[in-house]
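This note concerns charged side chains and their partners. Please read the points below alongside the model.

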Amino acid sequence: MKYIIEHMEDEMYDWCIIEYNHISKVVGSENLLITNVKVDAEKIKHLGKIVPESVSELGLDLKQVCLLDPEAKERLDTEDKKEFDYLLFGGILGDFPRKERTKELAAKIACQKRNLGDKQMSTNTAVYVAYLIMKGKKFEDIHFAEELEIVTGANESVTLPFRYVIENSEVVLPDGFIEFMKHKEDF
Ligand SMILES: C[S@@+](CC[C@H](N)C(=O)[O-])C[C@H]1O[C@@H](n2cnc3c(N)ncnc32)[C@H](O)[C@@H]1O
């Protein structure tokens, strides 16, 4: 299975790089294609194949592509690995309330769609959940936390209102994510 991330932010933010780093580690750089990268491609060139074109311009056989979209009617299933060669995700930072930008991607590419539950996850968490399902794990057997509180100072914390995977009683997060959040100035 190849994993495609359509980068949809105007810049290559540090937060995007942290997420893409995690995705590359999970799926392997040989299985990762990041599309629509118009700026700062060199910052992520070691993570996979990076191209400036949108996924919609690559001439892929759309029958083999599945967009992961929270609005899709059907949930991704382990059997889907027989049907698809590419899983496609929006390279979009989480927002609350949801801006539903995955819809912009859906409008660009007429492929099938699947959801990963009805809660918003970061792109790297969505890829991780899809990866587990492609490896045969049932969605029902994946444990989730519905938000994440990170202590950023003596009397300060920030709560991220997104769904995260729990494994061995720990939240699955990209390397350096907690440190990044502690030093981030604005939210
Ligand atoms: C942070 S989410 C983007 C959510 C954003 N609020 C939007 O505008 O759609 C980034 C990507 O992760 C994937 N994703 C996140 N949660 C998902 C879910 N519950 N089901 C399917 N895909 C999901 C989608 O591919 C989505 O484009």
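Is aspartate 61 buried, partly exposed or exposed? At 35% relative accessibility, aspartate 61 counts as partly exposed; buried means under 20% relative accessible area, exposed over 50%, and partly exposed in between (1.4 Å probe, protein chains only).

1. Basis of the note. The model is predicted: local features need pLDDT of at least 70, side-chain atom pairs count only at pLDDT 80 or more, and totals for chains, interfaces and linings use all residues. Residues are numbered from 1 along each chain as its sequence is written, and side-chain values use heavy atoms, with hydrogens and water left out.

2. Salt bridges overall. The whole structure contains 12 salt bridges, a salt bridge being a side-chain nitrogen of Lys or Arg within 4 Å of a carboxyl oxygen of Asp or Glu. Side chains of opposite charge can pair when their charged atoms come close.

3. Lysine 63 and aspartate 61. These two side chains form a salt bridge at 3.9 Å, N to O. Lysine 63 is exposed, with a relative accessible area of 65%.

4. Glutamate 74 and arginine 114. A salt bridge of 3.7 Å (N to O) joins their side chains. Glutamate 74 lies in the loop between strand S4 (65–68) and strand S5 (86–91) and arginine 114 in strand S6, so the pair ties together parts that are 40 residues apart in sequence. Strands (E, at least two residues) are DSSP runs, numbered from the N terminus. Glutamate 74 is partly exposed at 46% relative accessibility, whereas arginine 114 is buried at 3%.

5. Surroundings of arginine 114. Strand S6, in which arginine 114 lies, spans residues 112–114. The arginine 114 side chain makes polar contacts with the side chains of aspartate 80, at 3.1 Å, and glutamine 112, at 3.2 Å. A polar contact is a pair of N or O atoms within 3.5 Å; within protein, one must be able to donate a hydrogen and the other to accept it, and residues adjacent in sequence count only if both atoms are side-chain atoms. Salt bridges link Glu74, Asp80 and Arg114 in a network.

6. Arginine 163 and glutamate 146. Their side chains meet in a salt bridge of 3.1 Å, N to O. Arginine 163 lies in the loop between strand S9 (156–160) and strand S10 (164–167), and glutamate 146 in the loop between strand S7 (143–145) and strand S8 (148–153), so the pair ties together parts that are 17 residues apart in sequence. Arginine 163 is buried at 11% relative accessibility, while glutamate 146 is partly exposed at 41%.

Key: Helix = DSSP H or I, 4+ residues; strand = E, 2+ residues; numbered from the N terminus.
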